[in-house]
Each structure stands twice: as structure tokens, then as C-alpha cells.
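Here is a short briefing on helix packing, the chain contact, the core and some backbone details. Please look over the sequence and structure first.

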Amino acid sequence: MADPAPIIRLRGVTKRYPGIVANDSIDMEFRQGEVHVLLGENGAGKSTLVSMLAGLQQPDEGVIEVEGVPTALSSPERALELGISTVFQHSMLVPTLTLAENAALGGRWWRNPDRRGHEARMAETAARIGVVLTPSALTGSLSLGERQQAEIVRALMRGARFLILDEATAMLTPHDAAGLGQLMRRLASEGVAVVFITHKLNEAIEYGDRVSVLRLGRKVGGIAPEEMRALTPRAATERIVHLMFGAQDAAVAAVAPPPVGADAPVVLECLALHVADATVPVSAINLTVAAAEILGIAGIDGNGQKELAEAIAGQRPISSGRIRLDGAFIDGLDVGGRRRAGLRYVTDDRLGEGTVGGFPVSINLLLKQIGDPPFWQGGIERPAKIDENARALVKAFDIRTPSIHTPAGKLSGGNIQKLLLARELTGSARAVIFAKPTYGLDLQNIAATRRRIREAAGRGCAAIVISTELDELLELAHRIAVMSQGRIVGVVPNDADARRRIGELMSGVAA
Amino acid sequence: MTTETTNLTSGGLPPRLRAALATAGLSLGPMIGAFVLSGLVLLLMKVNPFDYYGYVFQRGLLSPSGVQATLTRMGPLLLLAASLIVAFRAGLWNLGGDAQFLMGAVFVAAWAPLMVQHLPVWLVLVLSMLVSVVIGAIWGLLPAILRAYQGINEIITTLMMNFLGISLSSALVKLVFADPDTTVPQTRTLPVGDRLPVLFGSNVSSGLVIGLVVILAVHWMMTRTAFGLKLRVVGANPEAATHAGLSVPKLTLAVFAISAGLGGLAGAVAILGQYGNVRADWNPAYAFTIVPLVFLARFNGYAAIGYVFLFSALGIGSESAARRLDVPNYFTLVTVALLLVLLAVTERWAALRRARKGV
């Protein structure tokens, strides 16, 4: 086992942003000839890690060693000099230039690039790693998969020894993704160190030599190469699912809520719901949620949860199927109509769509009731009523804000979530969809948010909680549905056996 | 701004007054700077800046006939400012104001002189303004539909509609609406007695009152009504608008209808109050010159009135100064452009200062 020193080693690398620790003392090593897969949910800290390796960000603590020497990757140019190249999900090639011209970019500006020479070198490099490409082809005429292969070839032409593929397969067709996977294997056999970031477990297992799992900024575990070879794909999947979603705090043993009585009236029903979408079509969703019941929806991010929530809320058109609330069909209503019927949606995109950052807290609290009395009379605002409402909600939901006139965008993440909860949970809510309700919050706000969800259910609301944190669902939900590739692959009651069964459903064992 | 001033330790002035002074300084400083810099440009042109600005202000602000001309010109300019405020606050960059203005003007100039022979004058004036609103709105319809339902950038489409609209109005004047009694390609002329009434025995057209009423109404609508708030939500964050259940396409159509309609109305007020007819080659390009003023006013109706007054006075005055000192009319635009640049610089500087104080 006389392995050479790892080409790059991270020692205790920490990166903080205001209010959040994006990477918390990460130790990791990347070796030549290895495909090292980085797994983790959105927000787990993969992008931050990549941006530090690419020289875009500097660690606050810890060191990055390049071949055993602590090195400051102070700029992207410096990282490139050291042979560190990154291929992103979206192509970084200029579509109106040929592949060879793209490869020639970055030369001295006064020098006329030697197009023929670049074409020859590109063809040669491509042939070496078994990629078929035409250097004189116009980039815009190629598929995304071909462009990414060209980007990899370009990186190698520039002497890359360390290649980061940041969700490079996310936008590819299955055929192109498989091609990229095989290319990764060939690169590893050429001695390149490959870092592959993906959401897809099957790719991780098929192409990876080593797996590291990030969660909430920390490295929670991994699978070493020897172990990886010994495990069957299925066993490896289960290991990874366990790492990604397994209990992190045995102390906070989830006390599953008591089951809802069988006689509780059904409040929200989805009947054979289909939602057309280019990336994740949602199909054949049948769900019922009873009064006072919390239904969890588990699954890896990007498996149609957001699309489903938006379709129920009315933001996204349904291609077929029906939705019933308290027995009445609401699929013909628009967002406002569904809200008036009692349907509420707490979005996870709190700044992007949940609030208007530049508008005051008081207006954001009424964002879904603009024009409604008593806050507007005959379409004209009544500032006294608007402020009165804001003061009452700020107090009731403990929103920490300097003033009700402070722009909502200036609040912290936890307080913005409180603002959204205040907006959605007041009035006559009958059914509430919570999308990743504790994502990005600190512990105190997580606890406060979970309490609000329980209270809402306690008042007789039907609640749907979409979460990628299995522990959260085990703590909150009465039943848990597992969503994968736009389908509900199973619904299990939240009992002692739930964790194992959900893990099986996620890894496709029981599908 | 208030946070900045409370951090300053000097002085015993109450914070409100200090904040007001700071705001005034941030607005007046760039204005003085703009006059100084354009004065330097005048020096390069071998023109005495004091002479130049002396003539400008004497004519535009101090002579009775000049003030009246300044106020009369404000009418259409205020309507165009109102048109832009609605659109810009809703995040829609309607830059097609020139064509909307001209189309409104051409149709009114074609129809009003004929109708006064059959209908009471007041009715003709009211109907003419309605016609201009409808014509302007129609000219804004195509960019509106493309933006609302296809997501096509309205900057490009409204600019293209400008080329079409300016050429079409010229063609209409020459081919369809031409006055058969003259050899010059122009529409029939609305007799002076049948135009918008003048104010209190002066020569100021009541178009000024229409402009003031409309821009104040627009300001009130955007800041105080539910409809205006909905438009501002669409402008500030379209995703949030969709999430809150607002119909972004329908609101987009409404914004374009109002904005382009006001553009057309501005054309009508220019014809009915001031010009009386349209020549085939006429295009004052008011809408484009108003764009920087609306930005300077930060989409605020009251501030826009102030800037429009200043610009109008500079414009009228520079016409007089141009004749005497041989400085092109367009020199006013140099002053406005310098003002815009200096204001941006001041704003950036103030933001940096706030950032350094760690606010």
C-alpha cells in the first residue's frame, strides 16, 4: 500500500458566511487515479468546497495542501496553474466559436491564436482519452454532453491533473451521462484525480472509487476505495442513504406522534395528479391527508417535490388529475382562489418567491392579500390597518425585526421563515404545505418552526411536510410518503420500522 | 440615509433636519457639479459659460413669455414622465414612448380639425384625448403581448416599434392625413381658438394642468392603491408575484395599456395645446429625453415634476441662447447627461461610505 501522497488534501477547512457555517472543519483527500464522489443535499456545502478548490473562495480556517505542501489557492488563475480545472453543470464554452477556438481562449490578447496547432493538439488529446470530437465544429451546434467532453479535453490540454466535475451530469440525457461516466473512468486510469459531484446515487456507485458525504457543512462519512470494491451496488447504496439521511443525534430520539384516528375526515386529496415538466415530470400522485394529520414527503432533492407542491398550490399547471379540499374540487381555482378555500403553501424559496426583499415587513405579511379588506378599502390602502396587522403578527410569531417597516430582505433567514409562517398560518387555513420548512435555519428556529407545524395540525389542519431530512419527518409526521423521480414510490406509517423501510424505498429495494 | 446621519457625531441639529440636509446635499451637489462641468465644456467651445447660462435662465425662467413657453412645454413632458413611471415601477422598460406619442399626435391632428366643424369644441377636445389614449395603447399592444406571453424583452420590441411608428406616422401624414390646401406635407391645422384653453389670460396651455393632475394621480396610484402595489410587486420580484397569485401576464398588459396610453395622450396634449398640426418629419423625441429625468427622480412623481420643470426651462432657454451664441440646442442634453453621471457617482460614493461605516 505504498500510495503516493494525495494530490490535494484538506485539513480542517472551514468557511463561514454571515449566519451560516458552510464548511465545518472538513478533512478530505484526493488521490491521483481516483474518482472521488462528493454527495450531499443542496446546501450541504459542496459548492463552497468546490469554489475553494477552484480558487474562487478562501477558507477561513484550515489548510489546503497540494502534493503535501500547504498552498493558498488565491485565485482561479493560480488554481489553473496548479492543474486544477473545473467543469460546471452549464457549459462555459462560447457557443459562437469553434471548439479549437474555445481551447485557444485565454492566450495573450495581442497574439493571433494558432488555430491549426490548437486543432491538432485538441484532436490528439481527445484521441488519447478516447473522446470523439471535431475541433473545427461550432460549439453551439453540439449537444450539452459533447460540449462537456470538449471542456474536459480543453482542461487536459491546459495540463489539468485535478478535474472537478460540478454536477456535470445534472443536465445531461442518460446516454450522455453514461458517456461522461466512462470518460471519468478513463481519466482516472490516465492518472487524473477526478472529483465528481452529483445528486444521483447510481452514478456515484457506478463511477466512484471513493465517496464522501457532506451534510449541513460537515463531512459525515464516506466509503474508502477498498470498501467500495467489496460492497455490492445495493449494499453501497444503502450505506450512502444511511449516511445522507441516517440519525445524526441519537440523543434526540424521535418520538413519533400518535397515529391519527381512522375516523378523521379527509381534508386534502390528490387524485391521479400529473404535472408535465421537462426535467422531472410528476406522475400519478394519489395522496390523502386527514384533518390534524401531518404527512411527510421524503426523498432526495429534485425528485418532483417542488413541482408537486407548486401544482397543489396552483402556481404550476396540472396536466391531468384532480385536487379536492374539504370535498370540493379546487383544481379549477387559481392561487388566490385556493388560498381563500383554505390552502396554504410555505415555500422553501423564501427570498426568491416568498418575499419581496425591498418591501417592508408589513407589506410582505399581506403579500397574498393585496387589495383585500380591511387592509385595502375600495382598492385604496389603509396604512393604520396594515400596520396593526403587522404589529400583531410580529408579536405573535416572534419575528425579530427593527421595525415593521424594515425591508424584509434585511431580516435573518429564521425571521424570514417566521414571517412566511405568520402569513400562511393565520386566517382560515385548512391544509398547509411546508416545503423544506427548516432548511438553512439554526437550531432554535428549527425547533420554533416544528412547533408551528405541530400547532397547525393540532388545530385540525391537514399538513404536508416536504423534507430531505429524514429525522425531521420521523419526528413530525404521522405517515411518510417517499418520492422518487416524480412518483410516490410508497407510503409508510411512522412506526419503529419506518426508518428502515424508507431507506429501502429510497434505494429502490422495495420499489 | 437616517442611519448614516445618526452615526455622524458633530452638530447639535435634530436628526430629521440632518437627514433632510443630507438628502438635499446629495441631490443639489450633483446639480451644481453638472453646471460647473458643462460650463467647462462651454469654455472648450470658446463660449463664456456665464453668458450662456445667463441667456438660458433669462429666457427660460425670468422673461414672462419664456416662463409661459416653459410651462406650456411641461404638459406633454409630464404625461410622458407619468407614462414611464408606471412602466418602470412595474419593472417594464417601455422605451417606445416616442412612437406612442407620435401616433397619438398624428391621429389627433388628423381628426380634431375635421371634427371641430361638426361638434362642440370641448367635446372634440375630450374625444381627441380619448382617441390618443386608445391609439397609444394599440401601439403598445404588440410588445405587451410578446412580453406577457412569450417573455420577449420589451426593450427590444418597444425600440423596434419606435422605428415602425415614426415611419408610419410620417407616411400617414404624407399619404392619408395630408392637408389638401397646402403643398407642405402636414395635417390640417386646428385653429388657435379651438385648442386647449389657456390659463388665466396668459399664454400657458391648460395641458400643463392635465400633465400635473395625471402625474400626481399616477404617483398616488403607484404608492397608495392595491393595484399600484401589485404592479410594484411584479416589478420588484415577478416570482413572488406568481407565488402570491397575481396574474403577471394580465398585469403586464395593464401596465403597457396605461403607459402607452399616456404616451399617446402626451401627443394629443402637444397638438391640442401647442402645435395644432403635425408635419411629416416632426419627431421631438421627448420620450427619450424624459427617460434620464425619470431616473433622476427615482420614479417619484413629485421629483419628476421638479426635473421636468428644470429641463423644460433649460430647453426653452437654450433655444434662445443657441441663436445668440451659436451653441447647438442639444447642449441641454449635455447638462442632463452630466447630471445623470454625477448622480450615479454620488450614489455610489454614499453607498461606499455607508458600507465603510459597517451599517
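In chain B, B:L293, B:V294 and B:L296 of α12(B) meet B:A304, B:Y307, B:V308 and B:F311 of α13(B). Contact here puts two C-beta atoms, placed from the backbone, within 7 Å. By class, the residues of this contact are seven nonpolar, no polar and no charged. Ala, Val, Leu, Ile, Met, Phe, Trp, Tyr, Cys and Pro count as nonpolar; Asp, Glu, Lys and Arg as charged; the others, Gly among them, as polar.

This is a predicted model: local features need pLDDT of at least 70, side-chain atom pairs count only at pLDDT 80 or more, and totals for chains, interfaces and linings use all residues. Residues are numbered from 1 along each chain as its sequence is written, while chains are lettered from A and ligands numbered from 1 in the order in which they are written.

**Helix packing in chain B**

- Helix α12 (residues 286–296) of chain B packs on helix α13 (residues 301–325) of chain B at about 140°, with the axes 9 Å apart.
- Axes are lines fitted to C-alpha atoms, for helices over the stretch in contact, and angles run from 0 to 180 degrees between N-to-C directions.
- Helices (H or I, at least four residues) and strands (E, at least two) are DSSP runs, numbered from the N terminus.
- α12(B) and α13(B) are therefore oblique to each other.
- Angles under 35 degrees count as roughly parallel, over 145 as roughly antiparallel, 65 to 115 as roughly perpendicular and the rest as oblique.
- α9(B) and helix α11 (residues 248–275) of chain B cross at roughly 110°, and their axes come within 10 Å.
- α9(B) and α11(B) are therefore roughly perpendicular to each other.
- B:K230, B:L231 and B:V234 of α9(B) make this contact with B:V248, B:L251 and B:V255 of α11(B).
- The contact of α9(B) with α11(B) has five nonpolar, no polar and one charged residues.

**Contact between the chains**

- Chain A gives 21 residues to the contact and chain B gives 15 residues.
- On the chain B side, α9 (226–236) and α10 (238–243) each supply at least two residues.
- α9(B) holds the largest share of that side, six residues.
- The chain B side divides into seven nonpolar, five polar and three charged residues.

**Nonpolar core**

- The largest nonpolar core has 249 residues, of which A:L163, A:V194, A:A463, B:A81 and B:V106 touch the most other members.
- Helix α4 (residues 64–89) of chain B brings the largest share of this core, 14 residues.
- Such a core is a set of buried Ala, Val, Leu, Ile, Met, Phe, Trp, Tyr and Cys residues joined through C-beta atoms within 7 Å.
- A residue is buried if 20 or more other C-beta atoms lie within 10 Å of its own, exposed if 12 or fewer, and partly exposed in between.
- Leaving aside neighbours within four places in sequence, the contacts of A:A463 include A:I294, A:V432 and A:F434.

**Backbone details**

- A cis peptide bond joins A:P373 and A:P374, with omega about 5°.
- A:P374 sits in the loop between α13 (361–364) and β17 (376–377) of chain A.
- A:A272 has a positive phi, near 45°, in a residue other than glycine.
- A:A272 is part of strand β11 (residues 266–275) of chain A.
- B:R298 also has a positive phi, near 50°, and lies in the loop between α12 and α13 of chain B.
- B:R298 counts as exposed, with 12 C-beta neighbours inside 10 Å.
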